[in-house]
Amino acid sequence: MEKGLSLPQDCRHFLHSLRMRSKYALFLAFVVVVFVFIEKENKIISRVSDKLKQIPQSLVDANSTDPALVLAENASLLSLSELDSAFLQLQSRLRNLSLQLGMEPAEEAEEEQMLEAEEEWEQLEPRPPAEAPPRRHVLLMATTRTGSSFVGEFFNQQGNIFYLFEPLWHIERTVTFEQGGANAAGSALVYRDVLKQLFLCDLYILEHFIIPAPEDHLTQFVFRRGSSRSLCEDPVCTPLVKKVFEKYPCKNRRCGPLNMTLAAEACRRKEHMAIKAVRIRQLEFLQPLAEDPRLDLRVIQLVRDPRAVLASRMVAFADKYETWKKWLAKGQDQLREEEVLRLKGNCESIRLSAELGLRQPAWLRGRYMLVRYEDVALRPLQKAQEMYRFAGIPLTPQVEDWIQKNTQAAHDGIYSTQKNSSEQFEKWRFSMPFKLAQVVQAACGPAMRLFGYKPVQDAASLSNRSVSLLEERGTFWVT
């Protein structure tokens, strides 16, 4: 205003009121800005405080630092607990002011954005790969003519299992052991050590026993190669080389000589492994394999009525049972003692192994299962499911289809795995002389009682299909 000029009283009051309003508006805006800034800083410090409270005690001790003085400087600042308490009070006051100024929704939106960012970050963090299912190793332990080839197909037909059919045959042909005593124990040790290497996919171990010896890891003489699908599929099945003789060729396709290196690589790629062996008699020798954590071994012992076993062997291995045939033909009352003792020894070795398994010693607990062939023949799919469940391996439809197709077949050759199993398993009863059955019952009585095979008292009972020779035992599955 120029000096000397005067305004009306109302104008002076109006200007004074305007100046006061402007002053308070600026002050209020300043206060809001300060509070917003303090509140932002408070959030940061509060989060730091929370993080500091989460410092592990071990880290604190390692640094010899009192957690209450982590933020102290020259011992002049507040302790962490006091500082935290002060911040909580200030945070409460600022939150009340924010509510009054209508700022809470913005804060909630900010928190939501932070949570979303944290979730996106967690999704970007690398996650550990899913653990592969444990590799299982299954040993189908049996004796000859117990149906082991048929039961072995339950594992041979599953694509994720590397299956070997009687690899110990080569050891038996090249290493000579006499029956009984230390020699029998020595053979069991050799068989066991070879089994261990095979389960570890060291197939080269067989090269020491194959005759003639493989050259450059190639051989045409692996026993019954065609009974192991894993040895007859790609990439193990190499192109056929003309004019190369192979003693045991693959069944459904022509392959070149077996390449041990390719077979070993295929073994390692499979999820599980199974071996059928009729040359392992003493279960106790398998303890080191059962205790080897690399194998996670499962042993399935397959047994069959010893009367049926003998009847089948006399047909399949006729030259080895000439003494028995002469005894039956001549009608002699006495059979040579050594023949009876051999039969009894076979039955006792099977019984002793089964009793050991059923006792469930610590090293075998959950790793042993006893299966009767007759139960498999009557209920093949059910028994296959039980064996796979015991082994800890899922049963695939591929195996189920094979069982369905191969247990209703009319063909039943000596070495065939195709049969009408529910009708064929008792076929021996109608051709076995009663006095032969009596000899087996006398020599193998303890084993027959353990496995639930009923003796017969006369020829009529032996050939009467309505008379069951099986006791119901449910499942011998040991967990």
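This is a short walk through the structure, from the whole chain down to single residues.

The model is predicted: local features need pLDDT of at least 70, side-chain atom pairs count only at pLDDT 80 or more, and totals for chains, interfaces and linings use all residues. Residues are numbered from 1 along each chain as its sequence is written, and side-chain values use heavy atoms, with hydrogens and water left out.

Start with the whole chain. The protein chain has 19 helices and eight strands. Helices (H or I, at least four residues) and strands (E, at least two) are DSSP runs, numbered from the N terminus. Of its 479 residues, 42% are buried. Buried means under 20% relative accessible area, exposed means over 50%, and partly exposed lies in between (1.4 Å probe, protein chains only). The chain exposes about 27,300 Å². Carbon and sulfur atoms supply 55% of that area. Accessible areas come from the Shrake-Rupley method with a 1.4 Å probe; for residues, only the protein chains shown count as cover. Now take the contacts (heavy atoms within 4.5 Å). Among those between residues at least 6 apart in sequence, 74% join residues at least 24 apart.

Next comes a pair of helices. Two packed helices are described by the angle between their axes and the distance between the axes. Helix α5 (residues 148–156) packs with helix α15 (residues 397–406) at about 150 degrees, and their axes are 9 Å apart. The axes are lines fitted to C-alpha atoms, for helices over the stretch in contact, and angles run from 0 to 180 degrees between N-to-C directions. α5 and α15 are therefore roughly antiparallel. Angles under 35 degrees count as roughly parallel, over 145 as roughly antiparallel, 65 to 115 as roughly perpendicular and the rest as oblique. On the α5 side, F150, E153 and F154 make the contact. They meet V399, W402, I403 and N406 in α15. Five of the residues in this contact are nonpolar, one is polar and one is charged. Here Ala, Val, Leu, Ile, Met, Phe, Trp, Tyr, Cys and Pro count as nonpolar, Asp, Glu, Lys and Arg as charged, and the others, Gly among them, as polar.

Turn to the aromatic rings. The structure holds eleven aromatic pairs. Rings of Phe, Tyr and Trp (its six-membered ring) pair if their centres lie within 6.5 Å; planes under 30 degrees apart count as stacked, over 60 as edge-to-face and the rest as tilted. W169 lies in helix α6 (residues 169–174) and F223 in the loop between β3 (218–219) and β4 (258–259), so the pair ties together parts that are 54 residues apart in sequence. W169 is buried at 15% relative accessibility. F223 is buried too, at 14%. W324 and W327 form an edge-to-face pair, 6.4 Å centre to centre and 90 degrees between the planes. The two are three residues apart in helix α11 (residues 322–330), about one helical turn. Both W324 and W327 are buried. Back at W169, there is also a cluster: F165, W169, F223 and Y248 form one aromatic group.

Helix α10 (residues 306–316) is mostly covered. Ten of its eleven residues are buried. Among them are R307, S312 and R313. The buried residues of α10 pack against α11, α12 (337–359), α17 (434–443) and α18 (445–451).

Now look at the backbone in the loops. A cis peptide bond joins I211 and P212, with omega about -5 degrees. P212 sits in the loop between α7 (181–199) and β3. The bond from D234 to P235 is also cis, with omega near 0 degrees. P235 is in the loop between β3 and β4.

The loop between α7 and β3 also holds C201 and H217. C201 is not glycine, yet its phi is positive, near 65 degrees. H217 likewise has a positive phi near 65 degrees. C201 is buried, with a relative accessible area of 4%. H217 is partly exposed, at 33%.

The last stop is L378, in helix α13 (residues 373–378). L378 is partly exposed, at 37% relative accessibility. Its C-alpha atom and that of Q424 are separated by 9.8 Å. Along the chain, L378 and Q424 are 46 residues apart.
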